[in-house]
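Reader: Hey, can you walk me through this one? I'd like to start with the overall fold and then get to the charges.

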Amino acid sequence: MSDPCHTFAACLDDGMDTAVIRETVRGRWSADSGAALEGLSRLVEIPALSPSFDAEWAATRHLHAAVDHVRTYLDACGLPGASTEVVELPGRTPVLLLDVPATGTARTDETVVVYGHLDKQPAAGEWSAGLGPWTPVVKDGRLYGRGAGDDGYAAYAAATALEALHAGGGAHARTVVLLETCEESGSRDLGAYLEHLRPRLGEVGLVVCLDTSGADYERLWLATSLRGMVSFDLTVRVLTAGVHSGHASGFVPSSFRILRELLDRVEDPRTGRLQLPELVTEVPADRLAEVHAAGDALAPALPLVDGMRYSRTDTAEVADLVLANTWSTTMSVTGADGLPSLPEAGNVLRPYTSVKLSFRLPPTVDADTALAALTRVLTTDPPFGAQVEVSRTDAATGWNANPRAGWLESALDEVGTEVFGLPWRALGLGGTIPFLGLFGRAYPDAQFVVTGPRGPGNNAHVPDEWLHLEQTERVTEAVARIIDAHARA
């Protein structure tokens, strides 16, 4: 490829050359010799577990190794005037910044922030033959390996989008790529970093988040809302020590029975609907319209066992199922303690039962208010005077996008037609990205582009995680063109 700086200068007067943009992006992601794909493959090899899964992260330094690896790549890109920096506040996981000054013709009053994360989930079980969490494998147009799609690709996509703009005569405002290393642990360090970095970021006008999924691999999908989350451990204790069930049952109710009664206070076990007013909200009209516009493309495709039905059995409408996943509160039991394995379970009235509860909250519900309400209801007047404790609490409020500016609508329409060949679509997501809630509150007037190449079956968080390479190319090109549109707005 010709020198990016020379090409940029030559094209400056003629406007952006979209063919060069595409050629640059495809070259970086090429399975033969693409620098971005090679760099990401090497990142897969680093077991950079998030702090929730590696309590000794500061000593193992796998997170630092991931940061150093990506920083080396970003420095080698040679973006004009760019600088990289590792910021590490005391006792907190590191953050990597790539700071690229605006091109000569771009607006200079706003900063673009592109977000991704470098920390990873654990292996999470047995991977298929020939695959492994720390073994990058390119096969059938996919890159397999932990962190490939969630969310290591983001660093390389962001750099490639900026490289492509310079190569093709595009423009961009000052752009800061922010890569954290605590997202899979709830981004518990990110708030401190955003406060620390706020004077340096300046007035943020566009936020591009590359950590979400779409409903297929054919078009550009924008997430316009994400649910919040509350999680905690709930422990019910009835005895100071286990007792033979023949001696104690009937005298003392089991801790599991009391736990079940407590959970029924907040969730109707027949419908799954949450009972507390602090946990529900109305769905905004624009979000309803987006769900209906996407139609059956949002239909879930989950690995149900034979005979299993989806939870909303009272309706056949896909929209109702989608809204249950994106704008309803749901409760999941994601772990348990005090329960011996089945082969080891004797006839004992156990002293306690603990469960880890995860509540997904509608995007506009305040997570701290929800946590306070749940704690109050579960611990007040416990059945039979049992000891009930709520511990290891975590709360993250969700996010609901601002109305889109005219320039962004136009850019999305153009990208849909020229890059994907299909109209773009919007969707709400049932997961949580604390970054968006934090940034949304810090920069309430910013435009948000929340997207990514992940889609059905990508296996994030479970064995055989993979990244769809062709969709990654298209998303990278789309990001470049949206950043250019912002610069010229």
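Author: Below we go through the chain as a whole, then its salt bridges.

Author: First, this is a predicted model: local features need pLDDT of at least 70, side-chain atom pairs count only at pLDDT 80 or more, and totals for chains, interfaces and linings use all residues. Numbering runs from 1 along each chain as its sequence is written, and side-chain values use heavy atoms, with hydrogens and water left out.

Reader: Fine. How many helices and strands are there in the protein chain?

Author: The protein chain has 15 helices and 18 strands, taken as DSSP runs (H or I, at least four residues, for helices; E, at least two, for strands) numbered from the N terminus. Its radius of gyration is 24 Å, close to the 23 Å from the globule rule for 489 residues, so it is as compact as a globular protein of that length. That radius is taken over C-alpha atoms, and the rule is 2.2 Å times the number of residues to the power 0.38.

Reader: What share of the residues is buried?

Author: Buried residues make up 54% of the 489. Buried is under 20% relative accessible area, exposed is over 50%, and partly exposed is in between (1.4 Å probe, protein chains only).

Reader: Switching to charges: how many salt bridges does the structure hold?

Author: There are 25 salt bridges, each a side-chain nitrogen of Lys or Arg within 4 Å of a carboxyl oxygen of Asp or Glu.

Reader: What about Glu 465 and Arg 146, buried or exposed?

Author: Both Glu 465 and Arg 146 are buried. They form a salt bridge with closest N and O atoms 2.7 Å apart.

Reader: Which residues are linked in a network of salt bridges?

Author: Arg 22, Glu 414, Glu 418, Glu 477 and Arg 481 are linked that way.
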